Amino acid sequence: MHGIFTGQSYCYQGDRSDMSKNVVACYKNTQERFWKADSRFKTLGLYQYVYWNIDNGSTTTPADPHVHVVYVVEGSCHYGGFSIKPGDILVCGLNKVPLTSMLTNFALFTIDMDFNFYYQLTGIIPSLFSGTAVKVERDNPFYQLGLYLFELPIEHWVHTAETLMQKMLRYQTVRYSSQFQRVTEAAGLLAETWQQGTELLRRDFAVSYRQLQRDFVSVMGLTPKEYASMLRFTQVFKLLNDSDLTMAALNAGYWDQAHMIRDFKKMSGFTPAQIKKLNVFHMMNEIRGSLSVLR
């Protein structure tokens, strides 16, 4: 993997302290508080790149069926018992409950993808970070990518990431177990029939539902039912932008509005009416609107 990143004119040569200083310099040259760019590899599961600057205070991230590699650009964050600083690289996602963190002038750049794309590039089973955030290790290709990004002005990050991502896809080969292939196939079916929940998996899938439950937990850290619920919640989150509560509940396949509100609060920490009043709602809606788990 390391050979993919050698021989480039912008190869990172400094240490981590130099990297942090350069990250802050990149941040100070950025005027926008939020922007995103789609990846040209979207059909493969690499969805988009997002930069955002979040105000101080406590921030809650709702349940999320996607994987996010996070490059910390500025500020600090306290999460899960450890402190995050500029230059840190994290991976998170596949959380079935909301995650809360304390932020101070926090700016980050994320690469958003599905769980299969992350495994394809890293060989790392998503269950190892499901429902939390962990720091990316040095042998992870996304860590190596960060060494390039932190050496450049931030306006070049998307182009650089896309260029190096293409090389990763060309050279990286990961062996897929039959278990991982089953989970990928089942997850794709859930994305296509999300309003029906796990009905088709229970009835028509190649292996027993009990076996599939074990496979999901092993690969994703989630059961099929939990993953299906997260897909439906993601759809509701987007529907709320243009629909009232009744129509959102109906279109998402909930029994009634009360059922949707209970589910929404469990996965976001807020009722639909409460979260629409938060400033971060519009940013999250913009981000999730471009993600393609739901076909």
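**Exercise 1.** In this predicted model, find which residues of α2 meet α4, and describe how the two helices pack.

Solution. 
- Step 1. On the α2 side, the residues in the contact are F117, Q120 and L121, and on the α4 side they are M165, M168 and L169.
- Step 2. Sorted by class, this contact holds five nonpolar residues, one polar residue and no charged ones.
- Step 3. Two packed helices are described by the angle between their axes and the distance between the axes.
- Step 4. For α2 and α4 (residues 157-171), the angle is about 70° and the axes are 9 Å apart.
- Step 5. Angles from 65 to 115 degrees count as roughly perpendicular, so α2 is roughly perpendicular to α4.

**Exercise 2.** Decide how far α2 is enclosed by the rest of the structure, and examine its two ends.

Solution. 
- Step 1. Buried means under 20% relative accessible area.
- Step 2. The residues of α2 that are buried are F115, F117, Y118, Y119, L121 and T122.
- Step 3. Since six of the eight residues of α2 are buried, the helix is largely enclosed by the rest of the structure.
- Step 4. At the start of α2, the backbone nitrogen of N116 has a side-chain oxygen of D114 within 3.2 Å.
- Step 5. After α2 comes G123, with a positive phi near 75°.

**Exercise 3.** Identify the residues with the most contacts inside the largest nonpolar core, then list the neighbours of I111.

Solution. 
- Step 1. The largest nonpolar core has 90 residues.
- Step 2. The residues with the most contacts inside this core are Y71, F109, I111, F115, F142, L145 and M165.
- Step 3. Leaving out residues up to four places away in sequence, I111 touches L46, Q48, Y49, V67, H68, V69, Y71, F142, L145 and M165.

**Exercise 4.** Describe the packing of α8 and α10.

Solution. 
- Step 1. The axes of α8 (residues 224-239) and α10 (residues 257-268) come within 10 Å and cross at roughly 100°.
- Step 2. Therefore α8 is roughly perpendicular to α10.
- Step 3. From α8, S229, M230, R232, F233, V236 and F237 meet H259, M260, D263, F264, M267 and S268 of α10.
- Step 4. The contact of α8 with α10 comprises seven nonpolar, three polar and two charged residues.

Conventions
Residues numbered from 1 in each chain as written. Predicted model: local features only at pLDDT ≥ 70, side-chain atom pairs only at ≥ 80, totals over all residues. Heavy atoms only, no water. Axes fitted to C-alpha atoms, helices over the stretch in contact; angles between N-to-C directions. Helix = DSSP H or I, 4+ residues; strand = E, 2+ residues; numbered from the N terminus. Parallel < 35°, antiparallel > 145°, perpendicular 65-115°, else oblique. Contact = heavy atoms within 4.5 Å. Nonpolar A, V, L, I, M, F, W, Y, C, P; charged D, E, K, R; others polar. Core = buried A, V, L, I, M, F, W, Y, C linked by side-chain atoms within 4.5 Å. Buried < 20%, exposed > 50% of the residue type's maximum accessible area, 1.4 Å probe, protein only. Polar contact = N/O pair within 3.5 Å; in protein donor to acceptor, adjacent residues only side chain to side chain.
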